[in-house]
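Subject: Structure for your review

Dear colleague,

Please find below the structure that I am handing over to you. I would be grateful if you could read the notes that follow with the sequence and the model open beside them.

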Amino acid sequence: MCGDGVVGMGAVTLRSPAPALLSPHPHPPLPPGQTYYGQVLKKSADLQTNACVTAARPVPKHIREALNNVHEEVALRYYGCGLVIPEHLENCWILDLGSGSGRDCYALSQLVGEMGHVTGIDMTESQVEVAKKYIEYHMEKYGFQTPNVTFHRGYIEKLEETGIKNERSNCVINLVPDKQQVLQEVHRVLKHGGELYFSDVYASLELPEEIRTHRVLWGECLGGALYWKDLAILAQKIGFCHPRLVSANLITVQNEELERVIGDCRFVSATFRLFRLPKTGPAERCQVIYNGGITGHEKELIFDANFTFKEGEIVEVDEETAAILKNSRFAQDFLIRPIGEKLSTCRGCSALESKDIITDPFKLAEESDCTKSRCPPDVAGSCCGTIYS
């Protein structure tokens, strides 16, 4: 088992009450998440918004190849909220929450290899049935002697009921009323140094009752959206590091009736990574050098929206970033030294003081739109919460 974990998130419906910290997000009576994703939606074209198809970051070649190997039916039944596959997954054990038809799980099973493992959990029976149907097909295609992927039907606020024990995972919140309980469960099952890497939909303000209880907006991942500033409050209350924003894209609604209901509220599909670190002594700012070599990121590693590491280049990082690199699966990929110790390199140094740290996904999405208008990227779909999900 890989020493650090990766948990991915997807769209899941929970039945427990919402925490007092946030406005309650009651589950609309009809159609519930299981009905919407199991019966109302038959294919991605049935969606009423672009929440599940917004543009994402360019997809590395090795991931595109892995996705191309996924069975056609599995891919067609995918309603995920973004291709949220982080880096350096060889031999890791991954827990995919809200795995749906299993598209990401099957792609991930190739990336972790036969020595790794991927577990997918989803609430919708019909989706889990599709995922299980093609296990033998994919293992034969990959040349694996033993299946390295399993699927369970269950609720992500009750991971232990599906057999997920404490600190076992290497590791969608959107259709979840009790987001705090989900994050607590993820924190419980993650190993120290592991991470929750997930895409979800966020709102520009606290959602009014009319939006939160609207049947279609709920099923489209908008009615259960968290006010974006509340994610940091929840994460740090539970014990995660501060959320690290990776990418963001604005969501548009192609329905006049839904536009009237939404009013001035805006929505964004954003990917974050949350790390669980061991309790150690005080951290310190460091200078780091990326050694290169991570598959698909050999020369440059875009860690998040604020830090990009180029092979051989010195980058000054804050205390928390240094702690994450030291205590996660990335430790072997970096040379890390406290500020003041000399790091020999032939390239320049990126100073922390000059950085304008971005935490607002709406700001990042607007900047991304400006960039795309100049140079449209090769992208994959994005939506409400995937590995990952």
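Over the ring of which residue does the charged end of R103 sit? The ring belongs to Y78, and the charged end of R103 is 3.6 Å from its centre. Please bear in mind throughout that this is a predicted model.

Overview

The chain has 389 residues, and 59% of them are buried. Its secondary structure consists of 13 helices and 14 strands. The accessible surface amounts to about 16000 Å², and carbon and sulfur atoms account for 49% of that area.

Just after α4 comes G113, whose phi is positive, at about 80°.

Helix α2 covers residues 61-68, and its buried residues are I63, A66 and L67. Because these residues span an arc of only 100° around the axis, they lie on the same side of α2. The face turned away from that buried side carries the exposed residues K61 and N68. As for the partner of this helix, the buried residues of α2 pack against α4.

Another arginine to look at is R329, which is found in the loop between α12 (319-327) and β13 (334-338). Is R329 buried or exposed? Its relative accessible area is 5%, so R329 counts as buried, the limit being under 20%. The side chain of R329 reaches the backbone oxygen of H88 at 3.0 Å. The side chain of R329 is also joined to that of E195 by a polar contact of 2.9 Å.

Aromatic residues

How many aromatic pairs does a search of the whole structure find? The search finds eleven. One aromatic cluster is formed by F275, Y290, F303, F307, F309, F330 and F334. F303, a member of this cluster, also has a charge over its ring: the charged end of R273 sits there, 4.5 Å from the ring centre.

You may then turn to α2, whose buried residues pack against α4.

Yours sincerely,
A colleague

Technical notes
Residues numbered from 1 in each chain as written. Predicted model: local features only at pLDDT ≥ 70, side-chain atom pairs only at ≥ 80, totals over all residues. Heavy atoms only, no water. Helix = DSSP H or I, 4+ residues; strand = E, 2+ residues; numbered from the N terminus. Phe/Tyr/Trp six-rings, centres within 6.5 Å; stacked < 30°, edge-to-face > 60°. Lys NZ or Arg CZ within 6 Å of the ring centre and 35° of its normal. Buried < 20%, exposed > 50% of the residue type's maximum accessible area, 1.4 Å probe, protein only. Arc of directions from axis to C-beta. Contact = heavy atoms within 4.5 Å. Polar contact = N/O pair within 3.5 Å; in protein donor to acceptor, adjacent residues only side chain to side chain. Areas by Shrake-Rupley, 256 points an atom, 1.4 Å probe, with all protein chains shown as cover.
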